[in-house]
Amino acid sequence: MRMRRSHLQRLALALNRVPLSGPNCHLDPIFSTRKPGFLQPYSAGLGDILSGPNAELTSSVFLRGETAFIRTYSLQLPRRRKMKLDRGWMWCLLLLSSLAGAAAAAQEKQLELDVSDVDEDMGLDDEELNVLLAGEEEEEEEEMEMEMEEEDDEATVMDEDHGDKTDGTASAKAGVDANVSFQVTYKTPVPTGDVYFAETFDDGSLDRWQQSKTVKGDADDDIAKYDGKWAVEQLKENKIPGDKGLVLKSRAKHHAISSLLNKPFVFQDDTLVVQYEVNFQDGIDCGGAYIKLLSDTGDLNLEQFHDRTAYSLMFGPDKCGEDYKLHFIFRHLNPLNKDTEEKHAKRADVDLKKFYTDKKTHLYTLVLNPDNSYEMFIDQSSVSRGSLLHDVIPPVNPPKEIDDPSDSKPEDWDERAKIPDPEAVKPEDWDEEAPAKIEDPDALMPEGWLEDEPEFVPDPIAEKPEDWDEEMDGEWEAPQIPNPACETAPGCGEWNRPTINNPLYKGKWKAPLVDNPNYQGVWKPRRVDNPDYFEDLHPFRMTPFKAVGLELWSMTSEIYFDNFIITSHKEVADRWASDSWGLKKLVASANEPGIFAQLTIAAEERPWLWVIYILTVGLPIGLAVLFCWPKKSDDEYVYKKVDPPRADIEEEEEEDEEEEVADEGKAAEGTEAAAAAAATEEAEDEEEEEEEERRRGGGGGGGRRNRSRR
């Protein structure tokens with residue numbers, strides 16, 4: 001629909017009074033000679049942003065030149081301003097809140113979880129646990145008065161810096177200090193069943209133990225004596241007042257100490273359970289912490305205990321270099337010749353390094369069953385299991401058949417699967433004398449090469465030493481130095497062409513290989529019965545033992561041993577561990593720094609970890625912001641039309657009129673210029689014609705005048 005400007009202005013005034021959906025909303029048309037467009041919204045006379053469910057179909061007016069076009073648009077008009085959150089953002093907030101709550105709950109219940117973990121590790125069911133708890137309550141009631149006097153039984157776990165300076169007695173009297181994380185009551189554990197040996201060292205003495213007084217047979221005299229020191233002490237870290245252990249105090253010394261069992265253990269129908277604690281308080285460089293169960297040979301003398309003293313089995317950790325081991329070695333008696341041979345169990349199925357480096361107390365347990373099965377535990381978690389018949393090296397039983405030692409390979413036995421082709425002939429053009437490398441014929445000597453200059457010259461500033469004796473040392477010659485003249489040249493001395501691969505080189509000719517028609521296979525000696533064969537189906541039945549001993553060499557001191565127990569019941573060892581090692585684990589867990597402190601400590605030792613931390617934290621945050629930040633929907637972006645100022649319209653009209661006048665003036669000027677140019681061209685043509693007529697003669701002049709008059 002086309003309209004003139006005056007009609008369009010009246011229409012705009014009328015539209016300005018038409019109500020839309022809101023009480024104070026109306027449409028302002030845009031008049032412009034430019035391309036149609038929307039201006040940014042403004043509040044004067046327009047109300048809120050044009051959006052909402054109550055929007056109506058409205059008209060917008062666009063002006064192009066002298067003609068206006070009316071188009072219709074559907075605009076959204078909301079009733080009030082409102083910030084909308086994206087659903088993804090709300091889900092992210094809920095997720096982050098849930099994670100924060102879970103972390104707080106886990107922090108509060110960490111101690112309870114540690115206690116429950118210890119109980120679960122003991123392997124006790126509900127009935128056994130209730131019996132133990134009931135027994136403990138009865139014992140506590142009976143000994144309540146004694147506990148008031150026995151201050152060593154009351155232990156207060158302090159912060160690491162403060163705990164080392166405050167003893168258990170002072171803490172018990174003072175109550176709970178500000179630095180106390182929690183309090184535990186330590187009682188010397190008492191075996192709940194039949195045991196062959198149990199030792200806690202809590203009495204602070206070694207009366208039950210015998211230190212060796214002999215020497216090591218195959219060692220140097222200065223280190224042959226077993227003169228390493230032992231002491232009964234508390235742990236250096238995470239100590240529990242009243243709890244003590246045996247500590248190896250010397251480094252680079254031989255140590256040997258042993259103790260008799262309550263009664264010998266006989267390998268018949270009872271399971272063997274050996275358990276004890278080890279803490280490498282200063283780490284470990286090279287050394288062991290294993291125990292030996294000394295055989296009941298009838299002539300066992302603990303004062304003469306040394307490395308060759310007969311033992312039935314050996315069990316425990318050992319480390320040298322980067323080789324971390326958990327030994328289980330038993331000595332098997334050959335029923336034929338009565339010789340003993342060491343059998344080594346297979347290596348553990350897990351990485352053992354952390355047990356040697358974390359400076360924590362770890363519990364080592366060996367369970368050996370009459371059915372020849374065995375299992376090793378660290379901290380009550382299985383690390384290796386197997387059978388004495390199949391999982392030890394060398395095997396218990398020798399093979400039935402062996403290679404005949406008297407058998408030998410026949411001289412005419414041909415083991416060659418391939419042989420050179422006897423019918424092959426070397427080609428005539430095969431040159432075996434051709435060199436592999438030849439001089440490059442295309443090479444040229446570099447420009448500037450100094451052939452007359454040597455590579456090295458005598459040092460001009462060198463002087464013969466004053467003490468040089470030519471009769472003794474010969475004629476003195478100055479030392480050679482690189483020729484200074486060769487520093488700027490590509491080279492000096494005789495130039496030789498570089499060598500390249502010889503394209504004609506083939507090497508020594510060899511006949512191709514073909515199948516050997518006389519091939520007989522790889523020769524093997526015949527098999528014969530093994531004269532030393534025997535079959536022992538019960539390797540569990542080893543030599544009985546009646547003592548436990550530690551015979552060690554270590555380059556690191558401060559190795560802590562505690563709570564030895566030898567029994568026939570795994571449950572007894574588990575209960576013993578719950579009263580001893582379980583408390584150590586609980587205290588160590590409580591005194592550990594928080595996760596952030598551990599990360600900071602690790603980053604101080606390895607600064608590159610800061611990069612990992614930043615990426616680990618920053619990347620999820622960046623992704624969360626990228627994907628969860630509320631996005632503005634298309635409904636929120638609306639455009640309002642505004643009424644441009646009347647002064648601008650008038651100015652535009654004046655500019656249009658001025659442009660029209662200017663165009664008319666330019667057109668008139670162009671017409672006048674064209675006429676002047678045409679007249680000029682006509683005058684020039686006439687002058688040329690007059691000149692031509694003058695050349696022809698005088699008669700031509702009258703004609704020119706007559707034409708000029710015309």
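Predicted model: local features only at pLDDT ≥ 70, side-chain atom pairs only at ≥ 80, totals over all residues.
**Whole chain**

Start with everything selected and colour by secondary structure. The chain holds 15 helices and 29 strands. Of its 710 residues, 32% are buried. The accessible surface is about 45,500 Å², and carbon and sulfur atoms contribute 51% of that area. Among contacts with a separation of 6 or more, 74% join residues 24 or more positions apart.

**Cysteine pairs**

Next, select the cysteines and show their sulfur atoms. How many disulfides are there? The count comes to two, taking a disulfide as a pair of cysteine sulfur atoms within 2.5 Å.

Select Cys286 and Cys320. Their sulfur atoms lie 2.2 Å apart, and the two residues form a disulfide. The angle about the S-S bond of Cys286 and Cys320 is -90 degrees, a left-handed link.

Move to Cys486 and Cys492. These residues form the disulfide with sulfur atoms 1.7 Å apart. The torsion about the S-S bond of Cys486 and Cys492 is about -125 degrees, so this disulfide is left-handed. Cys486 and Cys492 are both buried.

**Residues 608–629**

Now select residues 608–629. The unreviewed UniProt entry places the feature "transmembrane region" here and at residues 88–106. What is the secondary structure over residues 608–629? The stretch is 91% helix and 0% strand, and its end C-alpha atoms are 31 Å apart.

Within this selection, show the side chains of Val617, Ile621, Val625 and Trp629. The four residues form a nonpolar patch on the surface, with about 400 Å² of accessible area together.

Finish on Val625, which sits in helix 13 (residues 609–628). Why does Val625 count as partly exposed? Its relative accessible area is 42%, and the class covers values between 20% and 50%. Patch members need over 30% relative accessible area, and Val625 is one of the residues in the patch.

How values were computed
Residues numbered from 1 in each chain as written. Heavy atoms only, no water. UniProt positions renumbered as here; feature names shortened; annotations may be inferred. Helix = DSSP H or I, 4+ residues; strand = E, 2+ residues; numbered from the N terminus. Patch = residues over 30% accessible without salt bridge, like charges linked within 9 Å, V, L, I, M, F, W, Y side chains within 5 Å. Areas by Shrake-Rupley, 256 points an atom, 1.4 Å probe, with all protein chains shown as cover. Buried < 20%, exposed > 50% of the residue type's maximum accessible area, 1.4 Å probe, protein only. Contact = heavy atoms within 4.5 Å.
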